[in-house]
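Hi,

Here is the structure I said I would pass on.

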Amino acid sequence: MSPAPATTAEKSQPGGLVLLCLAAWAIPGIGHIWLGRRAKGFVFLIALPLMFAIGLALHGRLFSFDTSDVLTPLEAAAQLGIGVTYFLAGPIGAGKGDVRAITYEYGISFLIVAGLLNLLVVIDAYDIALGRK
Amino acid sequence: MHSHLLMMALFAFFVSLVFAVLAKDTPREQARLGGVMFAGFMLVGLVVSWLMYPFPLR
């Protein structure tokens with residue numbers, strides 16, 4: 001039996017909203033599925049991690065929060081937007097980046113944009129929970 | 001995968017898909033907006049790449 005969509009009371013509680021946003025950030029699309037927008041949620045659940053995986057396959061690099069360069073923390077923050085997948089990539093040996101690869105810059109673009117798109121998805125889930133959409 | 005065109009098309013596809021699903025609620029509207037956005041990405045990408053063609057690489 002599938003879980004019932006969150007009720008209005010659950011959605012409007014601050015704790016519930018924080019939990020919703022955290023879940024939506026950690027696993028792309030889960031926020032929409034939680035709120036009953038299953039079709040949209042499943043599209044995000046498949047498309048965003050796939051985009052991130054393509055970025056890794058294109059030899060893109062996952063940035064750390066190294067403050068020696070101004071842009072690096074910003075790139076890391078954008079990539080972190082994808083949620084749990086960001087932390088899973090390191091242990092499996094992905095995301096080291098290969099500057100010699102012709103696809104290196106493309107890979108980074110895919111990784112950054114996948115993270116930023118997931119942040120938009122989180123904001124959309126938040127708006128739906130507040131009843132704005 | 002070393003085709004720049006294919007990578008641009010893949011990138012345009014994913015971004016168009018996510019924006020269209022975010023912005024519209026019905027599959028018909030999503031398909032329409034996604035298609036227009038994808039075509040726009042590809043068209044602008046090709047136009048800009050041809051505009052850069054006369055410039056030297058170094």
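For burial, I call a residue buried if 20 or more other C-beta atoms lie within 10 Å of its own, exposed if 12 or fewer, and partly exposed in between, with C-beta atoms placed from the backbone. On that count, 44% of the 133 residues in chain A are buried. Keep in mind that this is a predicted model: local features need pLDDT of at least 70 and side-chain atom pairs count only at pLDDT 80 or more, while totals for chains, interfaces and linings use all residues. Residues are numbered from 1 along each chain as its sequence is written, and chains are lettered from A and ligands numbered from 1 in the order in which they are written.

Chain A first. It has seven helices and zero strands; these are DSSP runs numbered from the N terminus (helices H or I, at least four residues; strands E, at least two). The C-alpha atoms fill a box of roughly 50 × 30 × 25 Å along the principal axes. Helix α7 of chain A (residues 104-129) has 26 residues and spans 38 Å from first C-alpha to last, close to the 38 Å expected at 1.5 Å a residue (that is, 1.5 Å times one less than the number of residues). Just after α7(A), A:Gly131 has a positive phi of about 80°.

Now the two chains together. Eleven residues of chain B are in contact with 17 residues of chain A, where contact means C-beta atoms, placed from the backbone, within 7 Å. The chain B side divides into ten nonpolar, one polar and no charged. Here Ala, Val, Leu, Ile, Met, Phe, Trp, Tyr, Cys and Pro count as nonpolar, Asp, Glu, Lys and Arg as charged, and the others, Gly among them, as polar.

Axes are lines fitted to C-alpha atoms, for helices over the stretch in contact, with angles from 0 to 180 degrees between N-to-C directions. On the α4(A) side, the residues include A:Phe44, A:Leu48 and A:Met51, and they meet residues of α1(B) including B:Phe14 and B:Val18. By class, this contact has eleven nonpolar, no polar and one charged.

Within chain B, helix α1 (residues 4-23) and helix α2 (residues 27-52) have axes that come within 8 Å and cross at roughly 145°.

Cheers

Key
Contact = placed C-beta atoms within 7 Å.
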